[in-house]
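Q: I have a model on my screen and would like to learn how to read its features. Could you walk me through it?

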Amino acid sequence: MAADESPSQYQPTLLGEGVAVLVDYQQNPEIGRGLAQEGRVGLAVYQQQPYLLVLHTTDASVAAAKLQQLVDDGLTSFLVDSEQVIRLTDTIQ
């Protein structure tokens with residue numbers, strides 16, 4: 001990455017193998033800001049809809065634990081096949 005590039009630069013990429021934990025942020029930036037304070041959160045597209053990408057992993061048990069935490073926090077979250085997810089940005093601001 002060049003020195004003048006931002007880590008949130010738009011670079012769509014197919015995630016590939018594994019599972020992804022997505023959050024429906026319902027166009028509410030406060031949800032994204034809150035999650036970003038807890039760790040790295042990106043922006044992704046799944047089935048032509050935008051979502052926050054909280055986790056991409058090949059470890060289903062790690063993904064399930066993260067999903068449960070998000071659901072417990074009251075967030076509309078789900079686990080999907082990451083080969084169907086396009087990452088738009090690595091991080092959100």
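A: Gladly! Let's begin with Arg 87, which lies in strand E6 (residues 85-89); helices (H or I, at least four residues) and strands (E, at least two) are DSSP runs, numbered from the N terminus. This is a predicted model, where local features need pLDDT of at least 70 and side-chain atom pairs count only at pLDDT 80 or more, while totals for chains, interfaces and linings use all residues. Residues are numbered from 1 along each chain as its sequence is written, and side-chain values use heavy atoms, with hydrogens and water left out.

Q: With which side chain does the side chain of Arg 87 make a polar contact?
A: A polar contact is a pair of N or O atoms within 3.5 Å; within protein, one must be able to donate a hydrogen and the other to accept it, and residues adjacent in sequence count only if both atoms are side-chain atoms. Here the partner is the side chain of Asp 90, at 3.4 Å. Leaving aside residues up to four places away in sequence, Arg 87 also touches several residues, including Leu 43, Leu 53 and His 56, where contact means heavy atoms within 4.5 Å.

Q: How many bridges join strand E3 to E4?
A: Two strands pair if DSSP finds at least two bridges between them. E3 (residues 42-46) and E4 run antiparallel and are joined by five bridges; Leu 43, for example, has Leu 52 as its bridge partner in E4. Two residues sit between the strands of this hairpin, and Gln 47 takes a positive phi near 50 degrees. E4 also pairs with E2 (residues 19-23), again in the antiparallel sense and over five bridges.

Q: What describes a pair of aromatic rings?
A: The distance of the centres and the angle of the planes. Rings of Phe, Tyr and Trp (its six-membered ring) pair if their centres lie within 6.5 Å; planes under 30 degrees apart count as stacked, over 60 as edge-to-face and the rest as tilted. The count by this rule is three aromatic pairs. One of them, Tyr 51 with Phe 78, is edge-to-face, with 5.0 Å centre to centre and 90 degrees between the planes. Tyr 51 is in strand E4 (residues 49-57) and Phe 78 in strand E5 (residues 77-81), so this pair ties together parts 27 residues apart in sequence.

Q: Is Tyr 51 buried or exposed?
A: Buried means under 20% relative accessible area, exposed over 50%, and partly exposed in between (1.4 Å probe, protein chains only). Tyr 51 counts as buried at 12%, whereas Phe 78 is partly exposed at 23%.
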